[in-house]
Structure formats: C-alpha cells, structure tokens
Amino acid sequence: MQTQIETAEAHDTEKLLRSGWRISEVDWRRNPWPFSSLYSAGKPAGFQPELMRALHDAWPTRFSTDDLRQSRTDNVRKNHAMIRTERLTSNLEGEFVVFLIGVRINRPLMLHKWWPVTRAMPRMLEELHRQPELGFLHAEMWFSRTTIMVQYWRSMEQLLAYARSKTSAHLPAWQAFNKAVGTSGSVGIWHETYAASPGTYESMYVGMPPFGLGRAGTLHPATGGMQTAAGRLGRGRNAL
C-alpha cells in the first residue's frame, strides 16, 4: 500500500517537473533546504532514475549541493568568530512573545504541495525585517523533516495583528495553504505561542555566539546572583 502511495506521489511530481517547472535562483537563495533534502534522500519507491534527473534539472543552474555545503561551512566559520566564551544571560525589557512555528513534510514526493508552503516563510520574514514597526524582533530556525522556527515579538497584540492583516504576506499564504493542502495530511503545519514577562523566563549561554533571546534583546554577564537559573528568575539563591 505504501509503495502505491509513493508511486502516485512520484507521478504528481513527475507531471510538475515535466511541465517545465523550475526553482528560481531567488527561491534557492532564500530557502535551499527542503529541495536539497528531497534530492539527497535517494530514490524512494516509485521515483525512477529519469525522474531524479528531471529533479536535478529543476535546480538553479548556478547552485548545487556543493553550494549548500559551502554556505553551511561559511556560517560555521562566521559563528565561531563570534563565540562568547564567558557565561552570559539575556534580557528583553518589558513583556514580549515567543512564537514557535514550523512545517512537517509528510509526503516528500508531493513537491507541488510542500514547496509553496516552504516559500511562504522567507517572504514573511523579509516583510517583517523591512517593517520593524510591526513588532517582529528576531528569529532562529532549524531544519529537518519537521522545521522549527523560534520568533520573538514585542507584543501579543502586534503578533495577532500581523496574522490577521489583509495587507501582509501571512494571510494570503494561510489561505493558500488551506486551499491547496488543508487537512489532506501531505504537509503538516504547527505553532505554539508563549507570553513572557519579567520573572517568568531566564536564559544562559556559554561558548555561544549571540543567539535567540540574546539577539532579540541584550546580553549581560551572568555574575553574582545571576549565576543560577533561580537567581535569574529572581527566586533566591537555589542553584539549578
């Protein structure tokens, strides 16, 4: 049964590729991971060698797995140069929001389903970076079959306003997802939202480049009463 499903999905992908579909260089630069993961996954059932060649042809001609590997190497070198070896903690004045969001590619061969979904987030991030008045502060992202992005927002009101805005990139992307994917199960999408305020969060970094809340807010030495999680939470000297 699983082989029949994979064969059907490969057929859908084949129709897409044979129609002349290509990944633009702009899309590749924005978000190379999902496509490269599919390409490096090998040859699933129903995915014939000629289809793998067609998939390879859909790559931007100037980019390859070597480009992706080099990009990761450059990032590692950059982060190593920024490593802070001392014990640090971070602070963000007032209340703020931590928003976790991601997707899960349940059917990797259904390229026509998940590729539009993965394209949506880079467009939203570009929009948010261009308009800091919307309340977006910073984001970190991790890639796997299930992606995880941690976003930091100035307020819950600004996050909800962006989600509902008819002029932002989010609402059209959400409507397109519901229309194209919905509850079919080919692509999963998830999010979690947390409100934070002074005394309800703490952080610690050792041997790290500026990261997470440390980039959204301000880094400080974790000295004195700030050396323990309890101390950073303002709950006395009980070490954790």
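Because the model is predicted, local features need pLDDT of at least 70 and side-chain atom pairs count only at pLDDT 80 or more, while totals for chains, interfaces and linings use all residues.

**First stop: the salt bridges**

A salt bridge here is a side-chain nitrogen of Lys or Arg within 4 Å of a carboxyl oxygen of Asp or Glu. By that rule there are 2 salt bridges to visit.

Select Arg84 and Glu86: their side chains form a salt bridge at 3.0 Å, N to O. How exposed is Arg84? Arg84 is partly exposed, at 31% relative accessible area (buried is under 20%, exposed over 50%, partly exposed in between, with a 1.4 Å probe and protein chains only). Glu86 is also partly exposed, at 34%.

Now select Arg232 and Glu202, whose side chains meet at 2.7 Å, N to O. This pair links distant parts of the chain, 30 residues apart: Arg232 sits in helix H10 (229–232), and Glu202 in the loop between strand S5 (187–196) and helix H9 (213–216). Helices (H or I, at least four residues) and strands (E, at least two) are DSSP runs, numbered from the N terminus. Arg232 is buried at 12%, whereas Glu202 is partly exposed at 32%.

**Last stop: Val150**

Go to Val150 in strand S4 (residues 148–153), where Val150 is buried at 13%.

Notes
Residues are numbered from 1 along each chain as its sequence is written. Side-chain values use heavy atoms; hydrogens and water are left out.
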